[in-house]
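Subject: Structure handover

Hello,

Here is the structure for your work, with the sequence.

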Amino acid sequence: MMREVEIELFRFDSKVDYLPYYKKYKLKYKENETVLELLNKINSLEKFAYEATLEFNLNINGLYLNVSELIKDIVDKTSNELRIEPLSIYRAINDLLIDKRDYLEKIVLFKEYISPMEMDGYAKKYELDYFASNTYEINRSYIGDHALLIAAEIIEHNPKVKNEIIELISSADNGIWYHTSLQNRVLNYDINKEIKIKSLLNMLPKVTYSGISAHLNKAVKIEDVKISQFFDGFNIAEFEGLNKNSCVTVIKKSKANYIKLSSSQEDLAPYSTLVSKDFSHKIAGKILIEAKDSNADFLIVRTKSDLMLFDGEQKKIQKVIGREIELPVITQEQFKKLLEGEKSRAVLGFDKHKVKVSFL
């Protein structure tokens, strides 16, 4: 059975183009057809720059992936409208080809511990892990998830150098503290990689951070709410977090227009607060700006812990990103009470919010 996709292909030549642009195509594909085969089809219609090998990686609809992945899996996870982009638009040099110098330079940091042949192997093995990181988009000097995974393997094979390797990856400017999970960014991500990086964090000296107290992080069951107050005409966005703690079904039942944010499942990098006051603010700012620019009337977050950041720290977030936001933020628990008909600002806790909840 043949299915159809609509494609927007990133085009850019750093030698002649000032800005990138996108070329549109409509193509049919088979159930077992890969992304590489799709790229080859496009190339047969109109030449563009890419690597026609199974080692090539790219970005489709915000998901980072290898070209061996099936088209149908990407369509099923996103949509049949595919925006095909390089791993890094920032590093693009010719269509889907990118400059990888910074990636390779960070592997060389381990030259005393691995052979040139091992370096080449790591360069092929962990490319997605470097460029898919949300941290990389915010902090270009970040040592990279690939470096952390290499470090974990070096320590595993030679525990005697553990302290040297930990020192190498724990800089307060660009080290492991800034790691953000890739589990919602890389298609078919191997969660064992996240476990390896967490094991490195546990090796760091004097790290006692365990997050905000548990009662602040306790989620509320909202799915069974009995709605007596609807939100017709409202645009509502949400922050789901790594665990995809979404209340999309309830938002839609409330008759509101649900705004899906591409950044709604990002990691807020709690360990970064040990070395930087601004990094988590930049991630939160990205989420708030996307919601604001999508005309959201307010943002729903998971818990009081999130509320402390997105509402309580919003003034600081605005200062860090250099833009006014002023977007009301409420928790899922507060949204549930609103749906049940509660109107008291004190009972809802809105009287304690930094950004006024003006729609009540």
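What follows covers helix packing and strand pairing.

This is a predicted model, in which local features need pLDDT of at least 70 and side-chain atom pairs count only at pLDDT 80 or more, while totals for chains, interfaces and linings use all residues. Residues are numbered from 1 along each chain as its sequence is written, and side-chain values use heavy atoms, with hydrogens and water left out.

Helices (H or I, at least four residues) and strands (E, at least two) are DSSP runs, numbered from the N terminus.

Helix packing

Two packed helices are described by the angle between their axes and the distance between the axes. Axes are lines fitted to C-alpha atoms, for helices over the stretch in contact, and angles run from 0 to 180 degrees between N-to-C directions. Angles under 35 degrees count as roughly parallel, over 145 as roughly antiparallel, 65 to 115 as roughly perpendicular and the rest as oblique. Contact means heavy atoms within 4.5 Å. For residue classes, Ala, Val, Leu, Ile, Met, Phe, Trp, Tyr, Cys and Pro are nonpolar, Asp, Glu, Lys and Arg are charged, and the others, Gly among them, are polar.

Helix 7 (residues 145-157) packs against helix 9 (residues 191-203) at an angle of about 75°, with the axes 9 Å apart. Helix 7 is therefore roughly perpendicular to helix 9. Residues in the contact include Leu 148, Ala 152 and Glu 153 of helix 7 and Lys 196, Leu 200 and Met 203 of helix 9. The contact has eight nonpolar, no polar and four charged residues.

With helix 8 (residues 162-169), the axis of helix 7 comes within 10 Å and crosses at roughly 170°, so helix 7 and helix 8 are roughly antiparallel. Leu 148, Ala 151, Ile 154 and Ile 155 of helix 7 meet Lys 162, Ile 165, Ile 166 and Ile 169 of helix 8. By class, that gives seven nonpolar, no polar and one charged.

The axes of helix 12 (residues 279-293) and helix 14 (residues 314-321) come within 9 Å and cross at roughly 95°; the two helices are therefore roughly perpendicular. Among the residues in contact are His 281 and Leu 288 of helix 12 and Ile 317 and Val 320 of helix 14. Six of the contact residues are nonpolar, three polar and two charged.

Strand pairing

Two strands pair if DSSP finds at least two bridges between them. Strand 1 (residues 3-11) runs parallel to strand 5 (residues 81-85), joined by four bridges, and Glu 6 stands opposite Glu 81. Strand 3 (residues 57-60) runs antiparallel to strand 5, with two bridges; Ile 60 has Ile 84 as its bridge partner.

Regards
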